[in-house]
Amino acid sequence: MNMFSKFFKKQKQPESHEIEIIESDTKDLKLNKVSELEDPSINLTESVDIIEKNTQIIDKLDNIVDILKADSDFKILQEDIEETKQKNWLKSLRGGLEKTRNNLGKKLLGVFGGGKISPELYDELETTLLSSDIGIRSTKYILDEIRNKVTLKGLKDANELKDALKNILIELLTTIKKPLEIKDKKPHVIMLVGVNGSGKTTTIGKLTKYFQQQGKSVILGAADTFRAAAREQLIEWGKRNNVVVISQENGDPASVAFDTVKSAFANNIDIVLIDTAGRLSTQTNLMEEIKKIKRITNKALNEDPHETLLILDSNIGQNALSQLKAFDEAIGVTGLIVTKLDGTAKGGVICAIAKENPVPLLFIGIGEKIDDLREFDPVEYVNALID
Ligand SMILES: Nc1nc2c(ncn2[C@@H]2O[C@H](COP(=O)(O)OP(=O)(O)O)[C@@H](O)[C@H]2O)c(=O)[nH]1
Ligand SMILES: [Mg+2]
């Protein structure tokens with residue numbers, strides 16, 4: 001994309017709403033130069049000269065990046081960075097799940113601590129799983145599977161059961177592992193829903209960076225118009241990620257969503273993330289409002305949002321299931337993001353979801369920082385959960 005198209009795309013704005021445009025210093029420079037062009041008193045040749053010089057610099061920088069990319073040392077360095085990032089993530093995940101691991105792990109140690117496999121062992125295992133928010137149905141499923149494995153493999157020693165348990169959990173959780181699919185058609189619209197405080201706005205901040213790292217452009221819609229602080233929080237994330245946020249003071253949430261999608265079309269943006277207000281799932285009128293956001297988004301897009309992601313705070317344990325049911329019945333949930341897995345002892349709830357309402361779990365959040373979000377990986381998760 002050349003500098004002209006970059007600039008002119010940024011200039012298109014919906015008329016009726018306050019729009020936050022956040023640009024980096026260098027982009028500001030470019031904007032100034034081109035806006036001078038719009039002033040007839042400025043010498044056009046001079047402005048074109050400036051743009052050509054800038055274009056040459058950008059071309060040179062592109063060349064340098066290409067040379068670096070082809071260099072094998074640079075590739076090794078990149079691989080090292082990726083490896084370090086992955087190690088750091090696993091460390092954080094393990095750290096985050098410490099409380100759940102301590103709760104579940106210590107009890108499992110007691111259960112599997114030695115001796116022969118006995119009926120009492122199954123009872124103890126059942127109590128342990130239930131107390132870790134794994135849920136009634138998945139606990140029953142896990143116990144049945146363990147019994148099968150014991151018979152099939154002729155296991156006698158209780159110690160051997162831990163690996164069997166880990167494998168069963170990995171198999172169970174793999175049923176809800178699904179990467180986010182982004183269609184070629186632009187824009188790809190993602191609506192984030194969930195009760196107040198579950199982590200929607202923070203997750204949008206993290207997702208923005210996630211998409212940008214894949215080279216995708218992002219626009220944010222602040223359809224949580226009830227609290228000024230909520231809007232400001234999203235605008236702050238917009239600034240940090242250098243992306244446009246469509247917002248409207250005291251406005252209608254559905255019309256903000258509409259304008260965000262329209263703006264994405266006009267500016268050829270890849271991803272639309274729509275933040276919504278906290279909806280207490282028991283309050284029907286609030287649910288009606290979120291349905292309206294979805295309906296009006298459909299009007300702008302000519303189809304439903306591509307994803308309606310429910311954000312669940314893992315601290316609520318088994319309540320996650322009732323929230324999922326309420327939101328799913330009201331607007332149809334296409335995927336989940338489970339947040340705040342750091343510092344909760346209720347990390348087992350993901351297993352309950354996998355058995356009782358298996359909606360794909362796309363990402364997990366393990367902290368408030370921008371990098372504390374990852375695609376859900378059952379193997380990483382179970383290894384961090386059980387030693
Ligand atoms: N520890 C932790 N805090 C989180 C996580 N995600 C969000 N938060 C915090 O939870 C609070 C509510 O988050 P927010 O995004 O405002 O929730 P919203 O009301 O659903 O938009 C904020 O203080 C966030 O910093 C997480 O994964 N871990
Ligand atoms: Mg919010």
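1. Before anything else, a term: a crossing of two helices is right-handed if the near helix is turned clockwise from the far one by less than a right angle. With that in hand, α8 passes α15 in a right-handed crossing. Bear in mind that this is a predicted model.

2. Now the geometry of that pair. Two packed helices are described by the angle between their axes and the distance between the axes. Here, helix α8 covers residues 161–174 and helix α15 covers residues 378–385; their axes sit 9 Å apart, at an angle of about 140°.

3. Who touches whom? On the α8 side you'll find Lys166, Leu169, Ile170, Leu173 and Thr174, and they meet Pro378, Val379, Tyr381 and Val382 of α15. Sorted by class, this contact has seven nonpolar residues, plus one polar and one charged.

4. Stepping back to the chain: it has 15 helices and nine strands. There are 387 residues, and 37% of them count as buried. Take the contacts between residues at least 6 apart in sequence: 77% of those join residues at least 24 apart.

5. Then there's ligand 1, with 20 residues around it. Gly199, Lys200, Thr201, Thr202 and Gly365 are the closest. Helix α9 (residues 200–213) supplies the largest share of this shell, three residues. By class, the shell around ligand 1 splits into 13 polar, five charged and two nonpolar residues.

How values were computed
Residues numbered from 1 in each chain as written. Chains lettered and ligands numbered in written order. Predicted model: local features only at pLDDT ≥ 70, side-chain atom pairs only at ≥ 80, totals over all residues. Axes fitted to C-alpha atoms, helices over the stretch in contact; angles between N-to-C directions. Helix = DSSP H or I, 4+ residues; strand = E, 2+ residues; numbered from the N terminus. Contact = placed C-beta atoms within 7 Å. Nonpolar A, V, L, I, M, F, W, Y, C, P; charged D, E, K, R; others polar. Buried ≥ 20, exposed ≤ 12 C-beta atoms within 10 Å, placed from the backbone. Near = placed C-beta within 6 Å.
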